[in-house]
Amino acid sequence: MASSSRSPADGPARGGTPVRSDRSPWNWLLLVPIVVPLIVPLYNHLEPSLFGWPLFYWLQLAFVPLGVLTTVLVYRATRRSPEERAAARAAVERDAARPTVTRDQER
């Protein structure tokens with residue numbers, strides 16, 4: 001796999017294949033639903049209760065939607081633009097149409 005020093009903002013790489021980087025600051029938000037449930041002293045209490053459930057239990061269940069919302073937010077913030085998706089789709093189709101050369105055929 002070849003690496004490139006170009007950033008995605010520089011546009012497509014030579015040959016029309018788009019350069020993709022998953023290094024977005026938005027990805028740091030994905031730590032929130034992982035780290036917050038690990039801080040047990042924040043919610044290791046009986047009160048306030050909700051429908052008779054102690055805080056410890058209902059807050060852990062509330063962390064599930066927190067994780068879903070965080071994941072959706074990061075996905076929406078980091079997904080490709082329609083132009084980048086079209087360029088990537090064209091590059092995949094172009095690569096699929098290109099005949100593959102095996103090591104035996106190179107010799």
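A polar contact is a pair of N or O atoms within 3.5 Å; within protein, one must be able to donate a hydrogen and the other to accept it, and residues adjacent in sequence count only if both atoms are side-chain atoms. The tour below ends its second stop on such a pair.

The model is predicted, so local features need pLDDT of at least 70 and side-chain atom pairs count only at pLDDT 80 or more, while totals for chains, interfaces and linings use all residues. Residues are numbered from 1 along each chain as its sequence is written, and side-chain values use heavy atoms, with hydrogens and water left out.

**First stop: confidence**

Colour the chain by pLDDT, the predictor's confidence in each residue, from 0 to 100. The protein chain averages 79, and 73% of the residues score at least 70. Next select residues 1-6, where the pLDDT is below 50. Beyond near neighbours in sequence, this stretch has four contacts in the model, a contact being heavy atoms within 4.5 Å.

Select Trp58, which is in helix α2. Helices here are DSSP runs (H or I, at least four residues), as are strands (E, at least two), numbered from the N terminus. Trp58 is partly exposed, with a relative accessible area of 22%; buried means under 20%, exposed over 50%, and partly exposed in between (1.4 Å probe, protein chains only). Leaving aside neighbours within four places in sequence, Trp58 touches Pro48, Ser49, Leu50 and Trp53.

The peptide bond leading from Glu47 to Pro48 is cis, with omega near 0 degrees. Pro48 and Trp58 are ten residues apart along the chain, and their C-alpha atoms are separated by 9.8 Å. A polar atom of the Trp58 side chain lies 3.0 Å from the backbone oxygen of Pro48.

Remain in the loop between α1 and α2 and select Phe51. Its phi is near 55 degrees, a positive value in a residue other than glycine. Most residues other than glycine have a negative phi, and most peptide bonds are trans. Is Phe51 buried or exposed? With a relative accessible area of 78%, Phe51 is exposed.

Display the side chains of Tyr43, Phe56, Tyr57 and Phe63, which ring pairs link into a cluster. Rings of Phe, Tyr and Trp (its six-membered ring) pair if their centres lie within 6.5 Å; planes under 30 degrees apart count as stacked, over 60 as edge-to-face and the rest as tilted. The whole structure holds three aromatic pairs. In one of them, the ring centres of Tyr43 and Phe63 are 5.4 Å apart and the planes stand at 75 degrees, so this pair is edge-to-face. Because Tyr43 lies in the loop between α1 (32-35) and α2 (55-78) and Phe63 in helix α2, the pair ties together parts that are 20 residues apart in sequence. Tyr43 is buried, at 3% relative accessibility, and Phe63 is buried as well, at 14%.

**Last stop: helix α2 and the annotated regions**

Leu55, Phe63, Gly67, Thr70 and Val74 are buried in α2, and what covers its buried residues includes α1.

Finally, compare the record: an unreviewed UniProt entry lists residues 26-43 and 55-75 as "transmembrane region". UniProt positions are given in the numbering used here, feature names are shortened, and annotations may be inferred rather than shown by experiment. Residues 26-43 are 22% helix and 0% strand, with end C-alpha atoms 26 Å apart. Residues 55-75 are 100% helix and 0% strand, with end C-alpha atoms 30 Å apart.
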